[in-house]
Amino acid sequence: LLAAAIALFEPLGFLIDTFLFLLASFIVVGREPLARALAVAFIGTVSVWWLFARALGVGLPRGLFPDF
C-alpha cells in the first residue's frame with residue numbers, strides 16, 4: 001500500500017492519494033467497517049491538508065486539482 005501511495009503522490013495529488021491510502025489502510029490492515037473507514041479517511045485527509053496547506057502554508061502536490 002505504501003509503495004503505491006508514494007508512486008501516485010505527485011500524479012494524484014495529496015488529497016486523493018492520502019484519502020485512498022488511509023481508506024485502504026483502515027480496511028485492509030485495520031479491518032474497519034467501510035462507513036467508519038470512509039469517515040475517518042475523509043476527516044483525517046481534510047484535517048492534515050488544512051493544517052499543512054492552510055495553517056502552515058506548505059505547498060502540497062495538487063495533482064488532479066490544480067486550482068484547489
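Reply: Happy to! The structure holds one aromatic pair (ring centres of Phe, Tyr or Trp, the latter by its six-membered ring, within 6.5 Å; planes under 30 degrees apart are stacked, over 60 edge-to-face, the rest tilted). Its partners are Phe9 and Phe14, arranged edge-to-face with 6.2 Å centre to centre and 85° between the planes.

A word on the ground rules: this is a predicted model, where local features need pLDDT of at least 70, side-chain atom pairs count only at pLDDT 80 or more, and totals for chains, interfaces and linings use all residues. Residues are numbered from 1 along each chain as its sequence is written, and side-chain values use heavy atoms, with hydrogens and water left out.

Phe9 is partly exposed because its relative accessibility is 27%, while Phe14 is buried because its value is 9% (buried is under 20% relative accessible area, exposed over 50%, partly exposed in between, with a 1.4 Å probe and protein chains only).

Phe14 also belongs to helix 2, residues 14-29 (helices are DSSP runs of H or I, at least four residues, numbered from the N terminus). Its 16 residues should span 22 Å at 1.5 Å a residue, and the end C-alpha atoms are 21 Å apart, which agrees; the expected span is 1.5 Å times one less than the number of residues. Along with Phe14, the buried residues of helix 2 include Leu15, Asp17, Thr18, Leu23 and Ser25. Their cover includes helix 1 (2-12) and helix 3 (34-55), with contact meaning heavy atoms within 4.5 Å. After helix 2 comes Arg31, with a positive phi near 55°.

Terms used:
Helices (H or I, at least four residues) and strands (E, at least two) are DSSP runs, numbered from the N terminus.
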